[in-house]
Amino acid sequence: MTVSPAFKSDAYEPALIDFQVFALFLEARRIARAKTDLRVAREAGVELDAVQRAARARNPGAYQFFALCDWIGEEPSLFLKKPGFLKKAGHHG
């Protein structure tokens, strides 16, 4: 998998990632592949806690996010919040 230039580990910006969508993809792939959270963690090379955080739509951490994207089989850029999301949510900046 090629990591999008917008997603370099030193430029990881959790505020731009839609972790709810990420969690849905992660759980859908996990169920479709009949894997446990522990099996996903082992296959992705991350801690079990990171898989569980991601499945609850929480930030699993930079390395873990990229590793789980690879396990899911999707580009990290798929999980970027859509333009205008921050404004709609009442955030400024």
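How many salt bridges does the structure hold? The structure holds 6 of them, a salt bridge being a side-chain nitrogen of Lys or Arg within 4 Å of a carboxyl oxygen of Asp or Glu.

The model is predicted, so local features need pLDDT of at least 70 and side-chain atom pairs count only at pLDDT 80 or more, while totals for chains, interfaces and linings use all residues. Residues are numbered from 1 along each chain as its sequence is written, and side-chain values use heavy atoms, with hydrogens and water left out.

**Whole chain.** Show the protein chain as a cartoon: it has 5 helices and 0 strands. Helices (H or I, at least four residues) and strands (E, at least two) are DSSP runs, numbered from the N terminus. Of the 93 residues, 30% are buried; buried means under 20% relative accessible area, exposed over 50%, and partly exposed in between (1.4 Å probe, protein chains only).

**Helix 1.** Select residues 19-32, then Glu 27 and Arg 30, which both lie in this helix, 3 residues apart, about one turn of the helix. The two form a salt bridge, with the closest N and O atoms 3.0 Å apart. Glu 27 is partly exposed at 22% relative accessible area, whereas Arg 30 is buried at 17%.

**From helix 1 to a loop.** Next select Arg 29 and Glu 74, whose side chains meet in a salt bridge (2.6 Å, N to O). This pair links distant parts of the chain, 45 residues apart: Arg 29 is in helix 1, and Glu 74 is in the loop between helix 4 and helix 5 (85-88). Glu 74 is partly exposed, at 21%, and Arg 29 is partly exposed too, at 23%.

**Helix 2 and helix 4.** Select residues 37-44 and 62-72. These helices pack at an angle of about 100°, with their axes 9 Å apart. Helix 2 is therefore roughly perpendicular to helix 4, a term for angles of 65 to 115 degrees. Axes are lines fitted to C-alpha atoms, for helices over the stretch in contact, and angles run from 0 to 180 degrees between N-to-C directions. Which residues meet here? Val 40, Glu 43 and Ala 44 in helix 2 meet Tyr 63, Ala 67, Leu 68 and Trp 71 in helix 4, contact meaning heavy atoms within 4.5 Å.

**Lys 35.** Lys 35 is partly exposed at 23%, and Glu 43 is partly exposed at 36%.

Terms used:
Parallel < 35°, antiparallel > 145°, perpendicular 65-115°, else oblique.
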